[in-house]
Structures are given as C-alpha cells and as structure tokens.
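This briefing is for a reader who is meeting the structure for the first time. Please look over the sequence and the model before reading on.

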Amino acid sequence: MAYLASLNATKEIIEQYRFVFQKKYGQNFLIDANVVENIVGAAGITSDDFVLEIGPGIGTMTQYLCERAGKVLAVEIDRMLIPVLEHTLSEYDNVEIMQQDILKTDIATMIQQKSNGKPVKVVANLPYYITTPILMKLFESGAPVESITIMVQKEVAERMQTGPGSKDYGALSLAVQYYAQAKVAFTVSASCFIPRPNVDSAVIRLTKHQTPAVEVKDEKMMFQIIRASFNQRRKTLVNGLKNAPALPFSKERIVAAVRAVGKSETVRGEALTLQEFAALTNELLKK
Ligand code: SAM
C-alpha cells in the first residue's frame with residue numbers, strides 16, 4: 001500500500017470507498033507527508049512505544065506510526081472509515097483498529113487492557129471542538145499517559161502555554177500546566193488538509209509531569225475555583241468565587257484567603273498563577 005499523505009493518494013482512497021466527509025466529526029485529512037513525519041518526530045516515537053492514535057481518519061498518520069512504534073491502537077468514531085482503515089493498514093501487524101467514540105470510552109481501562117499498564121504516547125489530529133474535553137479526559141482518567149502530541153488550532157496552542165496578563169490565559173492554560181510541560185513543535189498551514197479548514201493549526205507536545213506542577217489539598221476543588229474565576233472574567237476573584245453555586249465559601253472566608261495569599265480584595269482571577277490558585281485553594285480548605 002502506498003503512503004496516503006498526498007492529495008492524489010487521499011483522493012484515490014476517498015473515491016474508491018465513495019467516502020463522504022462528515023462535518024460533525026471534524027474530518028480534515030492531512031495530505032502533506034512532511035507534516036505527518038514531523039508530528040511523529042515531535043512525538044518521539046520509538047519501537048518500544050505503545051501509541052494511542054485518536055481519530056486515524058483513513059490511516060494517513062497511522063501508517064507512519066505503525067512503522068515507528070511497537071504497537072498502535074487507533075480509535076475512530078466513524079464506522080464508514082473502518083473498512084478503509086482495514087485496507088490501508090492491512091500490511092501492518094502491530095495495529096489494532098477500534099470503532100469507538102473516545103469521549104465515551106473508559107480510557108484508563110482500555111489502556112490497561114491493551115498495553116498491560118505500559119505508559120502510552122497519545123498522538124492525534126482531532127476535531128478542534130473536542131480538543132479540550134479529550135485533553136481533560138486524558139489528564140483526569142488516571143491512565144498512564146506519558147505524552148500527548150496533538151494538532152490543535154493555533155490560538156489554542158498559544159492558550160495552553162500562556163500565563164497571567166494574556167487575554168488567552170484561562171482554565172485550559174492552567175489545566176495543561178498543572179498536568180504537563182507544553183511545547184509548541186511547529187505550525188501547520190490550512191493547505192495541508194483536505195478539506196481545507198478555516199484556521200491555521202499547530203502541533204503541540206504535552207509531556208506529562210511525573211507529579212503535578214503544584215501541591216494542592218484537593219485538585220478537584222482547585223479546578224472548580226479556577227473555572228469559577230474565569231467564568232466571570234470581568235468580575236473580581238472574590239465576587240466570581242462568591243457567586244459560584246458549586247463553591248461553599250462565604251465572602252468573608254474568600255476575602256481572608258485572598259489576602260492570605262498576598263493578593264488584594266479587588267484582584268481578578270486572571271491575574272493569578274497556577275501556584276497562587278493552589279495556595280488559594282489550600283487556604284480556603286484550612287480547617
Ligand atoms: N488523523 C487523520 C488525519 O490526520 O488525516 C484524520 C484527522 S480528522 C481532523 C479527525 C478524525 O477524528 C476523523 O477521522 C474523525 O472521524 C475522528 N473523530 C472525531 N470525533 C471522534 C471521537 N469522538 N472519537 C474518535 N474519533 C473521532
């Protein structure tokens with residue numbers, strides 16, 4: 001089977017299977033071999049690795065992954081793509097194709113069963129609207145994920161790396177920084193896909209920390225506090241937390257905690273670093 005990472009090879013397969021692109025699945029297939037090679041390079045795949053590819057499409061990147069990795073598990077939601085993948089990946093004996101919605105999958109159990117608990121490297125070119133839920137799921141699942149190398153919208157890559165003071169700073173930045181070291185590998189032009197998306201993209205590698213970046217008494221509570229702070233971006237941190245139905249703290253308690261971490265009563269949530277959110281959470285949880 002020839003490589004699929006070109007416009008002609010992709011068109012040929014699409015026509016052969018009379019495949020119709022599904023907008024609801026965010027299907028934009030890569031047609032540039034350099035980009036595919038660079039993604040696999042950024043992921044640092046070796047023959048020892050167990051790779052989970054989410055959304056393999058017609059198998060364009062999967063071909064390269066199969067050649068570099070020990071084993072590849074490719075999880076694709078679209079039933080129509082399964083016979084295509086069985087054909088395009090037929091010469092590789094180290095790949096397993098699963099038809100499944102990754103958002104409805106118990107990722108920790110799946111990885112445990114398939115990799116025998118060996119840490120996995122996740123590689124994906126995902127629909128952009130599910131980037132955040134999938135990342136949160138991968139981080140929070142407790143699955144042994146070593147790194148995640150994904151194509152994201154260029155602005156989202158920036159959001160993941162940024163800190164206080166930027167308009168892009170938000171709950172996603174803090175979640176990514178809590179769990180991983182983020183590094184943008186390269187940007188990708190819209191012309192490298194078929195159909196062409198409306199935005200430019202970037203490949204980002206998230207290397208999971210051995211232990212989270214900060215120590216916090218209750219991780220779930222910290223993220224509730226973070227979300228409440230950014231839900232009402234224009235409000236002060238104190239008002240944002242006081243108005244959040246999920247949070248049990250009185251205004252006096254919040255004011256005291258904000259002061260105890262060295263911030264003024266009028267500070268906005270967007271001015272706090274991850275370390276400061278952790279300190280604030282620990283302060284609020286003090287008996
Ligand atoms: N990896 C291929 C490539 O680079 O050419 C396809 C990328 S395309 C942007 C996204 C792929 O993810 C599509 O094949 C789509 O059907 C699949 N997908 C979308 N939602 C999914 C989900 N919830 N679970 C698994 N796969 C999904």
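The notes below cover the ligand site, the backbone, the helices and a few single residues.

This is a predicted model, in which local features need pLDDT of at least 70 and side-chain atom pairs count only at pLDDT 80 or more, while totals for chains, interfaces and linings use all residues. Residues are numbered from 1 along each chain as its sequence is written, and side-chain values use heavy atoms, with hydrogens and water left out.

**Ligand site**

- The ligand is surrounded by 21 residues, and the closest are Leu30, Gly55, Glu76, Asp101 and Asn125; a residue counts as near if one of its heavy atoms lies within 4 Å of the molecule.
- This shell is made up of ten nonpolar, seven polar and four charged residues. Here Ala, Val, Leu, Ile, Met, Phe, Trp, Tyr, Cys and Pro count as nonpolar, Asp, Glu, Lys and Arg as charged, and the others, Gly among them, as polar.
- At least two residues of the shell come from each of strand E1 (29–30) and strand E3 (71–76). Helices (H or I, at least four residues) and strands (E, at least two) are DSSP runs, numbered from the N terminus.
- The side chain of Gln27 has an N or O atom 2.9 Å from an oxygen atom of the ligand. A polar contact is a pair of N or O atoms within 3.5 Å; within protein, one must be able to donate a hydrogen and the other to accept it, and residues adjacent in sequence count only if both atoms are side-chain atoms.
- A nitrogen atom of the ligand is 2.8 Å from a backbone N or O atom of Gly55, and a polar side-chain atom of Asp101 is 2.8 Å from a nitrogen atom of the ligand.
- The ligand taken alone exposes 600 Å², of which the protein buries 98%; the areas come from the Shrake-Rupley method with a 1.4 Å probe, and for residues only the protein chains shown count as cover.

**Backbone**

- Ile194 and Pro195 are joined by a cis peptide bond with omega of about -15°. Pro195 belongs to the loop between strand E8 (193–194) and strand E9 (201–208).
- Arg18, in the loop between helix H1 (7–16) and E1, has a positive phi near 45° although it is not a glycine. Arg18 is exposed, with a relative accessible area of 74%; exposed means over 50%, buried under 20% and partly exposed in between (1.4 Å probe, protein chains only).

**Helices**

- Helix H3 (residues 60–68) is largely enclosed by the rest of the structure because seven of its nine residues are buried. Among the buried residues of H3 are Met61, Tyr64 and Leu65.
- In helix H6 (residues 131–140), the buried residues include Ile134, Leu135, Leu138 and Phe139.

**Single residues**

- Ser173 is found in helix H8 (residues 171–179) and is buried, with a relative accessible area of 0%. A polar atom of the Ser173 side chain lies 2.7 Å from the backbone oxygen of Arg159.
- Val122, in strand E5 (residues 120–125), is buried at a relative accessible area of 1%.
- Asp200 lies in the loop between E8 and E9 and is partly exposed, with a relative accessible area of 38%. Asp200 and Val188 are twelve residues apart in sequence and 6.2 Å apart in space, C-alpha to C-alpha.
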